[in-house]
Amino acid sequence: MSIADQATVAHPIIAPTLADLDAAARQLLTQAGTRRAWLFFGEMGAGKTTFIKAICRVLGVVSVVQSPTFGLVNEYTTDTGESVYHFDCYRLRNEAEALDIGIEEYFDSGAYCFVEWPEKIPSLWPDDALRVTLTVGENDERIISL
């Protein structure tokens with residue numbers, strides 16, 4: 001089933017190749033509705049950052065999108081001047097460190113907030129956060145489940 005054929009299927013979204021990630025991102029943006037906090041789950045190497053890059057392309061981000069591993073959060077700007085925030089919580093020792101960078105204010109901003117390794121901050125997740133799980137299939141395709 002192609003990405004286009006999956007438009008009405010809620011779960012999962014299959015991206016057979018990296019070239020299909022933009023179409024998968026468009027589909028996920030449609031399914032997400034108004035939810036702006038997205039939590040990305042998946043093992044190391046599952047493609048969380050790569051998929052977030054695709055989502056940012058579809059959103060019109062004009063900034064360079066890269067993993068915020070050492071800075072914890074990167075801010076990107078779209079071609080319409082909107083902010084998009086990208087978090088990597090992998091190196092956090094505890095939730096207090098997330099609070100110290102003001103993560104709740106980011107979540108409350110109304111901007112898109114994409115969070116890698118959200119399992120490090122479970123009590124801080126917004127109630128309406130979109131939970132996205134990425135896995136690698138047998139043929140290196142990406143399986144995106146909500």
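Predicted model: local features only at pLDDT ≥ 70, side-chain atom pairs only at ≥ 80, totals over all residues.

Colleague: Why is H86 called buried?

Modeller: The cut-off for buried is under 20% relative accessible area, and H86 has 0% relative accessibility, so H86 counts as buried.

Colleague: What makes the link between the side chains of H86 and Y76 a polar contact?

Modeller: The limit for such a pair of N or O atoms is within 3.5 Å, and the side chains of H86 and Y76 are joined at 2.7 Å. The side chain of H86 also makes a polar contact with the side chain of E116, at 2.6 Å. Leaving aside neighbours within four places in sequence, H86 is in contact with several residues, including T49, I52, F114 and E116.

Colleague: How do you know that the length of helix 2 agrees with its number of residues?

Modeller: Helix 2, residues 48-59, has twelve residues, which at 1.5 Å a residue should span 16 Å, and because its end C-alpha atoms are 16 Å apart, the two values agree. Among the residues of helix 2 that are buried are T49 and I52, and the helix is followed by G60, whose phi is positive, near 85°.

Colleague: What makes strand 1 and strand 3 edge strands?

Modeller: The open sheet has seven strands in the order 1-7-6-2-5-4-3, with mixed pairing, and strand 1 (13-15) and strand 3 (73-77) each pair on one side only, as edge strands do.

Colleague: How do you know that strand 6 and strand 7 pair?

Modeller: Pairing needs at least two bridges, and four bridges join strand 6, residues 130-136, to strand 7, residues 142-145, which run antiparallel. In one of these, T133 has S145 in strand 7 as its bridge partner.

Colleague: Why is the pair of D22 and R57 called a salt bridge?

Modeller: The limit is within 4 Å, and the closest N and O atoms of D22 and R57 are 2.7 Å apart. This pair links distant parts of the chain, with D22 in helix 1 and R57 in helix 2, 35 residues apart. D22, at 23% relative accessibility, counts as partly exposed, and R57 is partly exposed too, with a relative accessible area of 49%.

Colleague: Which residues form another salt bridge, with closest N and O atoms 2.6 Å apart?

Modeller: Those are R93 and E97. R93 is exposed because its relative accessible area is 72%, where exposed means over 50%, whereas E97, at 18% relative accessibility, counts as buried.

Conventions:
Residues numbered from 1 in each chain as written. Heavy atoms only, no water. Buried < 20%, exposed > 50% of the residue type's maximum accessible area, 1.4 Å probe, protein only. Polar contact = N/O pair within 3.5 Å; in protein donor to acceptor, adjacent residues only side chain to side chain. Contact = heavy atoms within 4.5 Å. Helix = DSSP H or I, 4+ residues; strand = E, 2+ residues; numbered from the N terminus. Expected span 1.5 Å × (residues − 1). Salt bridge = Lys/Arg side-chain N within 4 Å of Asp/Glu carboxyl O.
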